[in-house]
Amino acid sequence: MGSGSIGSADMILNIGPQHPATHGVLRLRIVVDGERLVSADPVIGYMHRGAEKLFEVRDYRQIIVLANRHDWLSAFSNELGVVLAAEELLGMEIPERATWTRTLLAELQRTLSHLVFLGSYPLELGAITPTFFAFHEREAIQAVLEELSGGRLHYMFNRVGGLKDDHPAGWLDRVTKAVADVRAGLADIEGLLMTNEILKARTVGVGVLSPELIKAYGVTGPIARASGVDVDLRRDAPYLAYGELFGEGGPGRVVTRTGGDAYARLSCLFEQTYNSLDIADACVARLSEMPRGPINQRLPKVLKVPEGETYAVVENSLGQNGYFLVSRGDKTPWRMKLRTASFNNIGVLVEMLPGNLVSDMVSIMGSMFFVVGDVDK
Amino acid sequence: MSERGFLPGVFKGLGITMKTMARPAVTHEYPDARPDLPPRSRGVIALVEENCTSCMLCARECPDWCIYIEGHKETIPATTPGGRERQRNVLDRFAIDYALCMYCGICVEVCPFDALYWSPQFEYAEFDIQDLLHEKERLGQWVQTVPVPPALDERAPDAAEVVSANKPPRVPRPAAAAGDATGAVSAAGEAPVRRERPAGGDRPARAERPAPEAAAGAPTDATTDAATPATRDAEPAAPPEPPEPAVPAEPPVAPEEETS
């Protein structure tokens with residue numbers, strides 16, 4: 001297979017941890033034979049912050065602060081996993097307005113996360129314009145999220161029992177407008193990218209991931225669905241209001257592709273973003289016809305979660321994020337284990353990269369849509 | 001595709017570029033054009049020093065311990081002859097290290113005396129990281145930039161502040177009202193007495209509370225509440241005791257905080 005193997009030994013190269021193409025501090029140790037990769041080894045841990053250990057000495061409100069930082073593009077979903085786990089152990093009923101607002105925010109945040117990758121992946125392939133388009137659309141959604149929560153990236157808006165604050169007056173109308181704007185803008189980005197011959201030449205048939213590998217490595221999320229693995233927790237194990245949204249006649253759809261290559265992953269991400277916007281619209285419609293009611297619960301000043309263990313798992317933007325909570329009846333968890341999507345999605349690179357050209361490496365890695373903070377925790 | 005030497009996608013891209021060129025710029029020229037930040041924006045924490053009792057709740061709840069509080073106790077001599085001396089906490093130092101702060105807002109949330117507020121102001125970058133430690137004077141200056149909180153959605157329940165403001169004012173208890181002139185004085189000093197209730201205060205008074213339906217019915221018609229206390233004063237047989245969530249919640253918490 002080696003194209004340039006005439007009298008040359010294999011070369012070991014370091015890609016990262018400070019390499020622009022690895023967007024973050026992921027390090028890859030690759031062995032190349034000429035232009036072709038013989039093996040690739042992701043070296044992780046440069047961003048390990050010991051989140052799980054820190055959780056053990058923080059109460060449930062303080063955990064939310066830390067938990068929304070491991071995947072900084074999906075802060076809301078991360079918070080959600082923590083509070084859902086705590087609420088399950090407490091056996092707490094959540095007000096209906098809180099459930100639907102959480103669903104709405106989770107979908108808006110999924111859109112935000114997808115837009116980053118829709119902008120940054122073309123950037124890694126050399127197209128700089130889609131980034132500006134994507135970040136322009138992000139701004140519309142970030143504005144409504146900041147108005148509600150006060151944060152642009154780390155919302156810190158979930159609380160055990162509901163949400164921190166109620167909607168400001170007229171906020172739902174502004175969400176509707178933002179969603180409509182983003183939907184219009186998304187069509188522009190899609191038009192720029194998906195029919196572009198250069199992008200197709202660099203992604204179609206590149207980095208094909210088989211369903212067998214996906215199952216072996218526990219790959220989830222849009223990457224798995226782009227290979228035809230039809231799994232989405234929002235439909236398969238519904239939490240929040242997803243049971244209704246993904247049920248009969250609901251706007252929720254599980255977007256799948258069969259190609260399994262980088263192009264299929266990108267196109268899966270596009271359609272999923274459209275679908276998230278549709279779900280957000282349905283949530284707004286539902287919230288605006290809801291009667292007056294609370295959005296959170298009165299909590300005791302010291303919240304103690306009863307003894308027991310539970311596993312809450314949410315469909316994050318990048319895949320399944322699990323939160324295994326063991327409580328011994330204290331105000332801090334005894335153990336809180338994270339199962340993060342990016343960690344598994346990165347693991348499969350070992351199998352995917354060998355045999356490919358060095359120039360395709362960036363194309364494959366970018367299409368795996370990961371956040372290094374989510375890998376290293 | 002590219003073998004044909006003809007790239008329709010490139011022309012499509014150029015078309016979108018042309019379309020966008022006609023649009024006005026979406027970027028703000030920041031130092032000249034200020035961003036219009038929503039009132040909930042978490043920019044900087046302002047301290048209303050007068051409200052702070054140096055209770056340390058914020059410093060303890062802070063997930064990365066970036067609040068520094070120092071204080072001392074001062075004894076206030078009795079105001080009346082034979083009266084009791086009182087102790088008061090005096091705040092000497094209140095500082096927030098913005099180099100450590102994670103902007104989570106837990107301190108603002110836990111403050112029981114409304115001494116901390118968020119302000120969307122964000123222009124306090126420094127060349128030296130040590131200058132990010134804001135002492136109470138600097139934190140006090142931010143108070144001017146604290147915005148009015150936004151009006152809530154019509155489907156939202158009343159804010160806690162509105163509910164407590166609409167509660168009928170406290171009226172003297174029957175025991176005090178029936179007593180002589182000194183009874184009025186003890187009724188005025190009701191608050192400190194109540195705080196000492198767990199130590200064996202006026203337990204019998206609690207039994208005289210009206211039935212819960214009378215208490216629950218009081219805050220529902222907020223508009224008439226302001227007028228009612230005067231008429232209720234006239235009938236001392238059933239004094240309306242307002243439902244008080246804060247006081248019953250206190251006794252189970254106090255020992256917890258001491259042990260932790």
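I began with A:F133, which lies in helix α5 (residues 129–149) of chain A; helices here are DSSP runs of H or I with at least four residues, strands are runs of E with at least two, and both are numbered from the N terminus. The model is predicted, so I noted its limits: local features need pLDDT of at least 70, side-chain atom pairs count only at pLDDT 80 or more, and totals for chains, interfaces and linings use all residues. Residues are numbered from 1 along each chain as its sequence is written, chains are lettered from A and ligands numbered from 1 in the order in which they are written, and side-chain values use heavy atoms, with hydrogens and water left out.

I then looked up the burial of A:F133. Its relative accessibility is 11%, so A:F133 counts as buried (buried means under 20% relative accessible area, exposed over 50%, partly exposed in between, with a 1.4 Å probe and protein chains only). Leaving aside residues up to four places away in sequence, A:F133 touches A:D188, A:I189 and A:L192, as well as B:I16 and B:T20 of chain B; contact means heavy atoms within 4.5 Å. A:F133 and A:L192 are 59 residues apart in sequence, yet their C-alpha atoms are 9.9 Å apart in space.

Next I turned to the largest nonpolar core, which has 145 residues. Such a core is a set of buried Ala, Val, Leu, Ile, Met, Phe, Trp, Tyr and Cys residues joined through side-chain atoms within 4.5 Å. The residues with the most contacts inside it are A:L104, A:L108 and A:M361 from chain A, and B:I67, B:F94 and B:Y98 from chain B. For A:L108 I listed the partners beyond four places in sequence: A:I141, A:V144, A:L145, A:V175, A:V179 and A:A280.

In chain B I traced an open sheet of three strands in the order β2-β3-β5, with antiparallel pairing. Strands β2 (67–76) and β5 (133–134) of chain B stand at the edges with a single partner strand each, so one side of each has no neighbour in the sheet. Strand β3 (residues 86–97) of chain B pairs with β5(B) over two bridges; pairing requires that DSSP finds at least two bridges between the strands. B:D97 stands opposite B:L133 in β5(B).

Finally, I checked backbone angles. A:L240 is not a glycine but has a positive phi of about 45°; A:L240 is found in the loop between α10 (233–236) and α11 (242–245) of chain A. B:M56, also not a glycine, has a positive phi of about 75° and is found in the loop between β1 (44–47) and α2 (57–61) of chain B. At 33% relative accessibility, B:M56 counts as partly exposed.
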